[in-house]
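Here is a short report on charged side-chain pairs. Please have the sequence and the 3D view open as you read.

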Amino acid sequence: MIATGGTGGHIYPALAFADELVRRDPSCHVSFIGSSNRMEAQLIPAQGYDFTGFEMTGMNGGISAKIRSAVSLKKAEGKITKMLKESRPDACVGFGNYISVPLIMAAHRLHIPTMISEQNSFAGKANVMLGRYADAIEIAYANSAKDFPKEKTRLLGNPDATRAWNRKVEPDFVRQYGLEPGQPYVVIMMGSLGSESVSKVLDEACALLDGDYPVVIAKGKANDYTFENKRDFVHLVDYVDGIACLRTASAAVCRAGATTLAEIAVCGCASILIPSPFVPNNHQVYNAMELVSKDAAWMIEEKDLTAEKLVSGMNRLMRDDACRSKMKANASAMGTKDAAGQMVSWLEDIVNG
């Protein structure tokens with residue numbers, strides 16, 4: 001049984017892990033739990049997995065919000081305990097987010113083997129707390145190791161990188177964005193929902209670009225910003241296939257979510273990272289620094305972002321083949337192609353222990 005939810009950064013690694021479990025043993029039954037009103041409630045059943053949704057309240061906010069959250073978690077733990085007693089899974093795995101808390105705690109009390117996965121370089125509060133109880137802790141960045149007991153923590157990488165590595169992309173996929181196969185281009189992605197604040201800078205940047213290379217901008221599904229600087233070589237779309245673009249683009253401009261960075265690394269894509277400032281503990285900056293410190297990416301914090309600075313970085317990457325090639329090689333060296341497989345092997349050892 002797997003707990004995941006909230007954002008794609010938690011959900012896609014969990015799905016990649018589940019896919020590897022089933023690939024190794026087609027008779028393995030995997031079920032998921034998550035929030036009934038978040039994106040996991042649609043994404044996970046669409047992939048063919050059983051899903052049970054709970055009414056959950058997040059931990060962010062004032063005292064009253066924290067009390068409501070604690071009550072919802074306790075209620076969920078009671079229901080999950082009953083589910084575990086009935087189905088008796090071989091193991092329970094949490095992929096961060098507060099929905100992992102009731103599953104891992106219930107499994108721990110029932111002596112069911114447990115594992116948690118931390119995708120960010122700055123560990124989330126839920127995982128830090130669960131680290132005391134989980135039998136195994138899988139991390140994607142060395143920086144988060146300090147937050148967990150050393151004896152049961154392993155640096156294996158983000159399992160979503162396995163999904164990205166195994167993904168086959170046809171060269172003519174880019175035609176849907178008005179490009180020719182093999183044509184050098186820059187893709188800009190600010191998360192599935194988009195960012196109005198960054199879009200304003202992107203709009204200004206469009207006016208400064210000289211058209212030496214085409215640009216594909218994914219505006220985001222919840223972004224109401226209207227671009228005014230329309231250019232023939234700038235292709236505006238609501239959403240792009242992120243992995244396919246990272247495989248085919250010459251360079252990318254992205255947020256610094258853990259799953260996005262895992263995909264950048266395994267795809268070996270040169271990138272300029274603009275961490276979201278609207279996340280707990282500013283953890284996207286820490287994520288980005290993992291690549292920046294190894295010359296595998298550049299970073300511009302949103303507070304420092306200007307159209308001129310962004311265009312300058314894009315032009316340098318696209319016009320300096322040696323610089324771009326070095327960045328791609330350094331990023332690729334950080335890719336973890338078999339993170340999902342290593343997680344499954346470790347879990348098998350614990351269950352069979």
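What follows covers the salt bridges of this predicted model.

Some of them share partners: Glu 20, Arg 23, Arg 24 and Glu 348 are joined into one network.

## Glu 348 and Arg 24

Glu 348 is partly exposed, at 36% relative accessibility. Arg 24 is partly exposed too, at 33%.

## Arg 163 and Glu 263

Arg 163 pairs with Glu 263 in a salt bridge, with the closest N and O atoms 3.5 Å apart. This pair also links distant parts of the chain, 100 residues apart. Helix H6 (residues 160–166) carries Arg 163, and helix H9 (residues 258–267) carries Glu 263.

Arg 163 has a relative accessible area of 30% and is partly exposed. Glu 263 has 10% relative accessibility, so it counts as buried, the cut-off being under 20%.

## Asp 241 and Arg 167

The side chains of Asp 241 and Arg 167 meet in a salt bridge at 2.4 Å, N to O. Both residues lie in loops, 74 residues apart. Asp 241 is between strand E10 (234–237) and helix H8 (242–248). Arg 167 is between H6 and strand E8 (186–189).

Asp 241 is partly exposed at 24% relative accessibility. Arg 167 is partly exposed at 30%.

Key. Residues numbered from 1 in each chain as written. Predicted model: local features only at pLDDT ≥ 70, side-chain atom pairs only at ≥ 80, totals over all residues. Heavy atoms only, no water. Buried < 20%, exposed > 50% of the residue type's maximum accessible area, 1.4 Å probe, protein only. Salt bridge = Lys/Arg side-chain N within 4 Å of Asp/Glu carboxyl O. Helix = DSSP H or I, 4+ residues; strand = E, 2+ residues; numbered from the N terminus.
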